Amino acid sequence: MKAFMLSLLLFLSAFCAEVENTSNNDFSDFSTEFNKAEVFDPLSGYNRFMTGFNNSLYYAFFRPVFKGYNAVVPEPAKKGVSNFFYNLFFPIRFVGNILQFRFMDATDELFSFAINTTFGVAGLFEVANTHFNIPRHDEDIAQAFGHWGIGSGFPIVLPIIGQSNLRDSVGLVAEFFINPISYADGWAGGHAWKNSFIGPGMGAGYILNEGGTNPDEYRILTKDAIDLYPFLRDTYEQRRNAQIKE
Amino acid sequence: MKKIFLKLLFALGILEFLVILPLSALELGTIKPKLNVDLRKAVEILATQKSLKEKESELFAIFDEYFDYALMARLALGEAYKGLNDEQKKRFESAFVARLKFSFSEKLGLYTNQSIEITGDESPNPKRYFIHAQIKGENEVYKIIFKFHKKAENEYLLYDIDIVGVSIIQTYRAQFEDLKNAGFDEILARINAKNAIDEAGKK
């Protein structure tokens, strides 16, 4: 009996050792797949602070406002406003595709804009994709930078806007000059204070409608975070890299 | 003889528990058709009027055998895992698996009427097998990659899910890497705190 148990123990020990070896081999197999997660983050102190600030602002101000908007505005109206802004931002997608030499995709965007502006009543109804099966090619300027091989640089958390990086922040500045809203009352031309606040108003309307359509999107996204700032930083970088590769 | 047999079963039971072997392994040729059937089953379960808890239990009954939870825990913690003693590893795996399951369950509540379909598969190397799928929304298509690794000869298990380019394991890995200076106890405390909130929310 003792001999049997001893042999069984030896067998199990050998098997355990084999399992452990296999596990270690498995582990090293994955080292190339999962990069060492060290990030060059010279602004980490500021970024953590701003992430906390934005997070508090979301719960204290934006979420109640978004929820109120969601409760008051009917679904078709929200959809219409969302379609309108999507159509209005056509120049950003068009230039984004051109800068990546995706001329057919840029042509799709051009046709979509023409169809949605006319048949879709100034873009309020999305018909190009749903009825004419013209695919969407949602490319922005920073994606074009990435396509050219420009790295993301270090992470930057922008007030209200949230997680970004150096490349994407420069892209946002470039987009400001392509975005039609910037020209609504001369903000892009440097005459904003002489005119109205139509542009900023439209920008606020866009944010309100997008947030109001999914008021809990941010809460759900971040609910699983063990540590909020690296969670947002890494999720953002992975998503942007995937968008650039697409 | 009966006693020996019982002891052998007991010992093997402990061994199985130690290495967290799945109830059955997935063979390469069967993964895609099986996942296709199981995803359809999942959509049917989600479309029922049952409580979220009932849905969860039915879904985990289907999908538990796919996951290599132990490996997922190790990959998420990265290099720091090697420095843990056996007791710490066990505690971490237990807390992390619970975290993954809570996370998965919460996302189920977001399901409305999207369709999910498998679009293709690939073997980037002999030890990996990826299945590509997509969820179709109203205007958008969300791409998902189910990533399997070769656990043993013709036995594959899931070690990561990539949703719209975001790897679940990599996301946890980045957070744990940032917290490594705070120490293992802090990481475990944070996971357990999240789990406790979710557990309380279920009651």
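This is a predicted model: local features need pLDDT of at least 70, side-chain atom pairs count only at pLDDT 80 or more; totals for chains, interfaces and linings use all residues.
Two strands are said to pair if DSSP finds at least two bridges between them, and with that in mind one can read the sheet of chain B, which is open and has 5 strands in the order β1-β2-β3-β4-β5 with antiparallel pairing.

**Chain B as a whole**

- Chain B holds 7 helices and 5 strands, and read from the N terminus its elements follow the pattern α-α-α-α-α-β-β-β-β-β-α-α.
- Of the 203 residues in chain B, 43% count as buried, while the chain exposes about 10800 Å², of which carbon and sulfur atoms supply 57%.
- When contacts in chain B between residues at least 6 apart in sequence are considered, 51% of them join residues at least 24 apart.

**The sheet of chain B, strand by strand**

- The edge strands are β1 (115–122) and β5 (166–167) of chain B, each of which pairs on one side only.
- In general, the strands of a sheet pair through backbone hydrogen bonds, and they do so either parallel or antiparallel.
- β1(B) pairs with β2 (residues 128–136) of chain B in the antiparallel sense over 7 bridges, and a hairpin of 5 residues connects β1(B) to β2(B); across this pair, Ile116(B) stands opposite Ile135(B) of β2(B).
- β2(B) is joined in turn to β3(B) by 9 bridges, again with the two strands running antiparallel, and here Ala133(B) has Ile144(B) of β3(B) as its bridge partner.
- β3(B) and β4(B) run antiparallel and are joined by 8 bridges, with Ile145(B) standing opposite Asp162(B) of β4(B).
- The hairpin of β3(B) and β4(B) has 2 residues between the strands, and Asn154(B) takes a positive phi near 55° in this hairpin.
- Strand β4 (residues 155–163) of chain B is joined to β5(B) by 2 bridges, and these strands run antiparallel; the bridge partner of Ile163(B) is Val166(B) in β5(B).
- β4(B) and β5(B) also form a hairpin with 2 residues between them, in whose turn Val164(B) has a positive phi of about 40°.

**What covers β4(B)**

- β4(B) is mostly covered, as 7 of its 9 residues are buried.
- Helix α4 (residues 69–77) of chain B lies across β3 (141–152) and β4 of that chain, and the helix runs at about 45° to β4(B).

**Asp140 of chain A**

- Asp140(A) is placed in the loop between α5 (103–118) and α6 (141–147) of chain A, and its side chain reaches the backbone nitrogen of Gln143(A) at 2.8 Å.
- Asp140(A) counts as buried because its relative accessible area is 17%, and the cut-off for buried is under 20%.
- If neighbours within four places in sequence are left aside, Asp140(A) is in contact with Ile92(A), Gly96(A), Gln100(A), Glu175(A) and Arg240(A).

**Glu210 of chain A**

- Glu210(A) lies in helix α8 (residues 198–213) of chain A, where its side chain makes a polar contact of 3.2 Å with the side chain of Ser82(A).
- With a relative accessibility of 31%, Glu210(A) counts as partly exposed, because that class lies between the limits of 20% and 50%.
- Although Glu210(A) and Lys79(A) are 131 residues apart in sequence, their C-alpha atoms are 9.4 Å apart in space.

Methods
Residues are numbered from 1 along each chain as its sequence is written. Chains are lettered from A and ligands numbered from 1 in the order in which they are written. Side-chain values use heavy atoms; hydrogens and water are left out. Helices (H or I, at least four residues) and strands (E, at least two) are DSSP runs, numbered from the N terminus. Buried means under 20% relative accessible area, exposed over 50%, partly exposed in between (1.4 Å probe, protein chains only). A polar contact is a pair of N or O atoms within 3.5 Å; within protein, one must be able to donate a hydrogen and the other to accept it, and residues adjacent in sequence count only if both atoms are side-chain atoms. Contact means heavy atoms within 4.5 Å. Axes are lines fitted to C-alpha atoms, for helices over the stretch in contact, and angles run from 0 to 180 degrees between N-to-C directions. Accessible areas come from the Shrake-Rupley method with a 1.4 Å probe; for residues, only the protein chains shown count as cover.
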